[in-house]
Amino acid sequence: MPDKIVVAGVSVDTRHWIGGRRVASGDTFTDASPIDGSVLGEIARGGPAEAQAAVVAARDAFPAWAATPRAERARLLHAIADGVEKRLEELAIVETNDNGALLRSHRRGVMPRVAHNFRFFADWLLKLDHEDFETRGHTNHVSWDPAGPCVLITPWNAPLMLATWKVAPALAAGNTVVLKPAEWSPLTASLLADIAAEAGLPAGVLNVVQGYGAEIGDALTSHPDVRRISFTGSVPTARRIAASAAANLTPLSLELGGKSPLLVFADADLDLAVDLAVEQYDNAGQVCLAATRILVEETVAAEFTRRFLEKAATLTQGDPRDEASDIGPNIHPRQLEKIDGFVQRAIAAGARAIVGGHRGDGQYYAPTLLADVAQDSEIVQEEVFGPVLTLQTFADEDEAVRLANDTRFGLAATVATGDTRRAERVTAQLVAGTVWVNCFFVRDLLAPFGGSRQSGVGREGGTWSFDFYCDLKNTVTAP
Ligand code: NAD
């Protein structure tokens, strides 16, 4: 297999990055573009041997990196951010070819944010502190000690963005990292390894291994030298990882799926509510936070639906490299099968497709809105992870909250209302890691981010990230 492939003019190494060098595997897997199904290349297919090598490299590099002064760690993270900014266009085009998300959002939203992830945690590291306090004349001093090698496992829907939410704080905290990107979108993680090396990050501090989750994953998550596992992905995989981590009681951070509600009250600005609803088709619906259950107060349901249809009709579905496209393809033929399976079973069970309800050409799925869905039906309870929304109505606030919370997930919720007090009342009752009122997707890295119930364990962001990636130590000194 060639060591490098060229994707839209950008050279990408297809091998692992372990201990500061490129390492091939005997076996490979095929990476295809969701845009047209074309083969991008063969990628190294790691297994237990590569997992072992990467953890050993991370373990060996850990003492020196942990002892590196904070200011120097922060400087290197800023240098990585510089590298991301320098190669922003390359990262954007490779990511779009690899996972099918819009090039314009990679260019203007995602990749600048990737650089920001490094800058934010570098700066936060320098502020990280805890005031000393006294106990009967003794001084308590809390220190944020690096925990050790971290295994970071990430999904394909926002590959580099989600990876760097983890890589940046883990490295800032003084940990070393083994990153395992998703096999459906392996490329930008490899470019990140190049960027980190060019920035001067010492060998072994960041390692990137490729491969299918189950083949390489168990060896990573059950390794006794791994001190933290941070995973973003699906609930079934999280269960497997948790079981594997249990052998060593390795602390876990889990960012999982969702089935978030959008509550539209009669007093809402309906145009805003419709905008928020249609926004849920972003990234072809492959967004963990997506408010896929639209709950509308029954007195405005007809008008909401009318305006939704009007707005949805303006969306352009097409090649994600085209600036005019609003919705790109779904990631993989298997994902498309899954999405269509959900929709066809829902229709067979009595759901009515107000919009869409079928596949488009190639790997595209028609943006879909399903009404007449039962609260306990599969389509209302299970995460579809495609451009599929459901529409339900409620009679009053109590029913809205009851429907919103009637799910095993608890990642996010969005409330559209013109009444501030209602917003406070409803928000207080919602089970969700993030609630947006009259907005969506606004996220500050300072804020805690994560899910309740089966949407996750723990929170990422600001101090919460360092809480996870550090071993907090309290030193009590006698007077
Ligand atoms: P997935 O669980 O199938 O895979 C995620 C990652 O886990 C991949 O890298 C995969 O290779 C790896 N993996 C699979 N089996 C493994 C194992 N046994 N051991 C170790 N690693 C293993 O999820 P996906 O389909 O890639 O991603 C979609 C899911 O991710 C959705 O449920 C979505 O809601 C969720 N997600 C959550 C967030 C969040 O922040 N809460 C963000 C994005 C996506």
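Visitor: Which sense do strand E8 and E22 pair in?
Guide: Strand E8, residues 138-146, pairs with E22 in the antiparallel sense, over eight bridges. Two strands count as paired if DSSP finds at least two bridges between them. Strands (E, at least two residues) and helices (H or I, at least four) are DSSP runs, numbered from the N terminus.

Visitor: And what stands opposite Cys470 in E22?
Guide: That is Pro146.

Visitor: How many strands form this sheet?
Guide: Three, in the order E7-E8-E22, and the sheet is open, with antiparallel pairing. The edge strands are E7 (133-135) and E22 (470-477), each pairing on one side only.

Visitor: Before we go on, what kind of model is this?
Guide: This is a predicted model: local features need pLDDT of at least 70 and side-chain atom pairs count only at pLDDT 80 or more, while totals for chains, interfaces and linings use all residues. Residues are numbered from 1 along each chain as its sequence is written.

Visitor: Okay, new topic. Which domains is the chain divided into?
Guide: Domain 1 covers 4-256 + 455-474, and domain 2 covers 261-437. Those bounds come from an automatic or database domain assignment. Taken over C-alpha atoms, the centres of domain 1 and domain 2 are 31 Å apart.

Visitor: How many residues are in contact between domain 1 and domain 2?
Guide: 15 residues of domain 1 are in contact with 19 of domain 2. Contact here means that the C-beta atoms, placed from the backbone, lie within 7 Å. On the domain 1 side, helix H3 (88-99) and helix H4 (103-127) each supply at least two of the touching residues.

Visitor: Where does the ligand lie, and why there?
Guide: The ligand lies between domain 1 and domain 2, because both give residues to the shell around it.

Visitor: How many residues surround the ligand, and which are closest?
Guide: 30 residues surround the ligand, and the closest are Pro155, Gly213, Gly217, Gly233 and Thr237. A residue counts as near if its C-beta atom, placed from the backbone, lies within 6 Å of the molecule.

Visitor: Which helix gives the most to that shell?
Guide: H7 does, with five residues. The elements giving two or more residues to the shell are helix H7 (213-221) and helix H8 (235-245).

Visitor: Last one: what does UniProt place at residues 27-474?
Guide: Its unreviewed entry places "domain: Aldehyde dehydrogenase" there. UniProt positions use the numbering used here, feature names are shortened, and annotations may be inferred rather than shown by experiment. Over residues 27-474 the chain is 42% helix and 19% strand.

Technical notes: Two residues are in contact if their C-beta atoms, placed from the backbone, lie within 7 Å.
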